[in-house]
Amino acid sequence: MSTQDLINKLWNLCNLLRDDGVTYHEYLNELTYLIFLKMVEETGQEELIPEGFRWPDIEEFNAVTRLEEYKKLLIHLGSHGSLITKAIFADASTCIRKPATLNKLVTEIDNLDWYSAKEEGLGDMYEGLLEINASEKKSGAGQYFTPRVLIEAMVELMKPSLDDVIVDPTAGTGGFLIAAHHELKKHNNIKTLDETAYDKYQHGTFFGMELVPDTRRLAMMNLMLHDLAIDDDNAGVLYGDTLSNEGKNSLPKASLILANPPFGTKQGGGIPTRDDLVHYTSNKQLAFLHAMYHSMLKPGGRVAVVLPDNVLFEGSTGRKIRNDLMEKCNLHTILRLPTGIFYAAGVKTNVLFFDKPTDINQDKGNTKKVWVYDLRANMPQFGKRNVLTKEHFKEFYHAVGSDLTQVDEAKRQAFIDNHQDGSEIGNIDTCRLRAFTREEIAAKEDSLDLAWIRDDSIEDAANLPEPDILINEAIEELAGAITDLQSILVELDAVEEVDEVVV
């Protein structure tokens, strides 16, 4: 049985849960509890779970009373066993109502070919379940899932090393940390590291923080199945709010930050409460960007972060943060991503690549030029039927290089000079790569929403996006305008900065 076969069989078990009234949102939690117990047995890590509360014990429960015994087991494991066990079963409960449903799940999970799955990698199996769950709009999980192909491209371009401290301040289900782990394994034999180096790899390399308990549970399971940061109080995905002093005190300074702060329209909330920031805003993505470069990044560190368009053009505090970023860091590359690649319809996003100078006193004028690659204009509509693949990044790699820890300006300029469009050579209006000087950006009021290619797909009435995409785009623009107006009111001392509109 291939990993994909196993993924499909496990996901099909959700039909049993649906028949028992379990919602899309609750599917993966229910499967995670049972899969964790089964995986502990399959991987020989029984010491993680107290005796009497393991997978064989569930199998030995009387079929009639198994559901009641299982409920007690979930509560018990929330406060007993290893650190990762208690984290995964924290506040655990089951939505299963019929004993027959649990009995069937236990039997079906036990009958799967776990030997083959272990050979291919149990982590891939679980990531496959996460991806399917995210693609189901009713699950609401899409906001926590970044397409794997985008994660892999960002990680590959950032060239993680064994010396790095890698942090994802909005860890979600742990996708960036897992991808960095895969990239490091590709170029290093982890098994041959000496004891000190291996201890650093397991407990001093991968760090994340997640605010949503259920999402953090999935992240811990993901790391466990990849054999990362198991039973460590200080590494792995920590529970807390990065924009509070929990983040300041718990997360180490990073040499590499990989992140995709959750986006969406959200009313209510407030400004960050961590006390080491300079600019405070209720726009959470702007707040995360500011926290990353100002507080979380070591001198000499580098960042790749996904951010929505409103972060690039929002005025008032948004402009101050972008200006501050370009003063203190070298924002060398922006990748304008196509729409439809995330499971929130119509959201427009970008990847910002920047690094901080090693000299802490060099905190002015670090960005001289920003290279923008437009992968959005005249691209097909992406979605479940037309997915983003690595092939779509091929020209981007050719234009900017495969190593964004350094910027080869001569190579980038050569790409522009060699660009051909029909009979024209060097047509800058159709080349997807373009450089903007710091002076040009300042003249645009520090807006980084830099587009120059005529997008025929937008103007073609026969090829308009789906209505839900158009509506989400309108919401995004309105939210940005409302946030600007709110910021002006705050500066006029007309209101307190407590309300939030984030896209």
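Reply: Helices (H or I, at least four residues) and strands (E, at least two) are DSSP runs, numbered from the N terminus. This is a predicted model, where local features need pLDDT of at least 70, side-chain atom pairs count only at pLDDT 80 or more, and totals for chains, interfaces and linings use all residues. Residues are numbered from 1 along each chain as its sequence is written, and side-chain values use heavy atoms, with hydrogens and water left out.

Me: Ok, where does A229 lie?
Reply: A229 sits in the loop that runs between helix 13 (213-225) and strand 3 (236-239).

Me: What's its phi?
Reply: Phi of A229 is near 50 degrees, which is positive even though the residue isn't glycine.

Me: And is A229 buried or exposed?
Reply: A229 is buried, at 7% relative accessible area. Buried means under 20%, exposed over 50%, and partly exposed in between (1.4 Å probe, protein chains only).

Me: What about N378, where is that found?
Reply: N378 is in the loop between strand 8 (369-374) and helix 18 (394-400). Its phi is near 55 degrees, again a positive value in a residue other than glycine. N378 is partly exposed, with a relative accessible area of 33%.

Me: New topic: which residues make the contact of helix 1 with helix 9?
Reply: Helix 1 brings T3, L6, I7, L10 and W11, while helix 9 brings D124, M125, G128, L129, I132 and N133. Contact here means heavy atoms within 4.5 Å.
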